[in-house]
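Welcome, and thanks for taking a look at this one with us. Please open the sequence and the structure side by side, and then follow the notes below.

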Amino acid sequence: MADTRPNVLFVLTDQERYDCHVPESSVDKEPEPPVETEAMDRLSRQGARFEHAVTPISICSSARASLLTGQFPHSHGMINNCHEDDAILANLPPGIPTFSEALADAGYDLTYTGKWHVGRDATPEEYGFSYLGGSDRHHDDIDEAFREYRRERGTPLEEVDFEDEIYTGDDPRDSSEGTFVAAKSPIDVEDTRAWFLAERTIEALEAHVEGATASNVGDESTGEGKRGDGGPFFHRTDFYGPHHPYVVPEPYASVYDPDEIEPPESYAETFDGKPRVHENYLAYRGVEGFDWELWAEALAKYWGFVTLIDEQLGRILAALEDLELAEETVAVHASDHGDFVGGHRQFNKGPLMYDDTYRIPLQVRWPGVTEPGSVRREPVHLHDLAPTFLEIGNVDVPDSFDARSLVPLLEGDDAPADWPESTFSQYHGDEFGLYSQRMVRTERYKYVYNGPDVDELYDLEVDPPELRNLIDHPEYANVRRTMRERLIAWMDETADPNRGWVPEILRRAD
């Protein structure tokens, strides 16, 4: 009997803000999208868009490990980036079930290209995928496929001279200090990693059609894989952007005019009533002296990067059509987390649980199942995709998953009666050091528990940019109490290790 389970194409971007491509049909309080994202918008028109999707944590390795395991970071243990010297874990602990291994065991042919960042030593090959290249040295050092591609094209990475460079530090034009923020690259678009990853993805789709891609589901005793037999495939493409440095070639470097970019409302941040670490992070990240003119220049490059990636996604979606795969393939786009790019005057991410970095884009096109143009307002997590992929593939979800399948929502049903009314996120520190945070978010309110400092409470309906901390406002006492109880419930449900003492402290505070 033929296997009729759908294929899955999963495209994950790196540090893409949720507000880059909110369609015009969105809720009134959200502005028209500032960025040209034709392919992403098409996915929204042809499938479902999730209005309130969040990442479980705004750290690359941690979020990606959650996506793989269906667990919150405090459960899988990879609570900060694996490539840094201060990494708590260099690799995921062995034995944790992953959605990819379960799909591979169930007969899916899994392929992967692009960023990994879920372990220094363990690679996608050890989690059911055939890895097709495209990593970079800073995060993974899995292979040199992209470097070889550039050498063959005559544009080695080391020989490129950038223009309009921006760096953090006292002198934003001085490459001798600080972090590389943005620049224009003189290369052709075909020389970019984004183009390369799209090309590898299209090649993988073609190979899947031919039934000739190694599936990495072989004899465990020999480690040998078997050839694909034409069954369903799961392909994952992880783009390396729009994570900084925001380096793009023309026309993307100039498509957005910095002089026409207005500061976001959150740029008016004063840090009044906020945790001290928020203002400290300006100096730590080296952007204390950045003015809006400089941020606008960086943001223009960031938006150009998003458009560049969107056009590569468009190439991939076109290939699905050309290969007559679109109607039998579930296409998913999400981001691991967002990016400040000047929001709250900040750069990158950190112990600041604003929507800039915790709210993410999430779109799913499932032909014949999902109503085109549907918008789901239920609160969902990035790692809810793990059980979703398994249910799509008719595979049992492991008991270890701290996540819920989105399939009922994709089928157009009302949310199950027990669907949570909030999301739960956390932060444990990165290179700055350990800093315990927990966040619970509903459609209207956000509460952040900050272990070493003042907590935060925001009314997102009246204060979307999260400028006013209402934690001590007497008129919000009941809201604060309710949100803290929601947080405690999440901590209990997910066996958060801090549940042994935090609930008592919060209840005493109220």
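What is the mean pLDDT of the protein, and what share of its residues reach 70 or more? This is a predicted model; its mean pLDDT is 91, and 92% of the residues reach 70 or more.

**Where to be careful**
- Over residues 24-28 the pLDDT falls below 50, and this stretch has 6 contacts in the model beyond near neighbours in sequence.
- Residues 212-228 also have a pLDDT below 50, with 32 contacts beyond near neighbours in sequence.

**The sheet**
- An open sheet is built from 8 strands in the order S4-S3-S7-S1-S9-S10-S2-S11, with mixed pairing.
- Its edge strands are S4 (130-131) and S11 (374-381), each of which pairs on one side only.
- Strands S9 (residues 329-335) and S10 (residues 362-365) pair in the antiparallel sense over 4 bridges, and His 333 stands opposite Gln 363 in S10.
- S2 and S11 run parallel and are joined by 6 bridges; here His 52 has Pro 379 in S11 as its bridge partner.
- S11 is mostly covered, with 6 of its 8 residues buried.

**Helices to look for**
- Helix H1 (residues 38-46) packs on the sheet, where it touches S2 (48-54), S9 and S10, and its direction makes about 60° with that of S10.
- Helix H6 (residues 193-210) lies across S1 (7-14), S3 (109-114) and S7 (233-242), running at about 175° to S7.
- Helix H10 (residues 385-392) is largely enclosed by the rest of the structure, because 7 of its 8 residues are buried.
- Among the buried residues of H10 are Leu 385, Phe 389, Leu 390 and Ile 392.
- Just after H10, Asn 394 takes a positive phi of about 60°.

**Around Trp 419**
- Trp 419 sits in the loop between helix H11 (407-410) and strand S12 (423-430).
- Is Trp 419 buried or exposed? Its relative accessibility is 9%, so Trp 419 counts as buried.
- Leaving aside neighbours within four places in sequence, Trp 419 is in contact with Glu 378, Pro 379, Val 380, Arg 404, Ser 405, Leu 406 and Leu 409.
- Trp 419 and Val 380 are 39 residues apart in sequence, yet their C-alpha atoms are 9.5 Å apart in space.
- A polar atom of the Trp 419 side chain lies 3.1 Å from the backbone oxygen of Pro 379, the residue that is also the bridge partner of His 52.

**Salt bridges**
- The count comes to 36 salt bridges.
- Arg 404, one of the contacts of Trp 419, forms a salt bridge with Asp 418, with the closest N and O atoms 2.9 Å apart.
- This pair links distant parts of the chain, with Arg 404 in the loop between H10 and H11 and Asp 418 in the loop between H11 and S12, 14 residues apart.
- Arg 404 is partly exposed at 27% relative accessible area, whereas Asp 418 is exposed at 54%.
- Asp 455 and Arg 484 form a salt bridge with their closest N and O atoms 3.2 Å apart.
- Asp 455 lies in the loop between S14 (445-450) and S15 (456-459) and Arg 484 in helix H12 (residues 477-493), so the pair ties together parts that are 29 residues apart in sequence.
- Both Asp 455 and Arg 484 are buried.
- Salt bridges with shared partners join Asp 14, Arg 64, Lys 115, Arg 236, Asp 238 and Asp 336 into one network.

Notes:
Residues are numbered from 1 along each chain as its sequence is written. This is a predicted model: local features need pLDDT of at least 70, side-chain atom pairs count only at pLDDT 80 or more; totals for chains, interfaces and linings use all residues. Side-chain values use heavy atoms; hydrogens and water are left out. Two strands pair if DSSP finds at least two bridges between them. Helices (H or I, at least four residues) and strands (E, at least two) are DSSP runs, numbered from the N terminus. Contact means heavy atoms within 4.5 Å. Axes are lines fitted to C-alpha atoms, for helices over the stretch in contact, and angles run from 0 to 180 degrees between N-to-C directions. Buried means under 20% relative accessible area, exposed over 50%, partly exposed in between (1.4 Å probe, protein chains only). A polar contact is a pair of N or O atoms within 3.5 Å; within protein, one must be able to donate a hydrogen and the other to accept it, and residues adjacent in sequence count only if both atoms are side-chain atoms. pLDDT is the predictor's confidence in each residue, from 0 to 100. A salt bridge is a side-chain nitrogen of Lys or Arg within 4 Å of a carboxyl oxygen of Asp or Glu.
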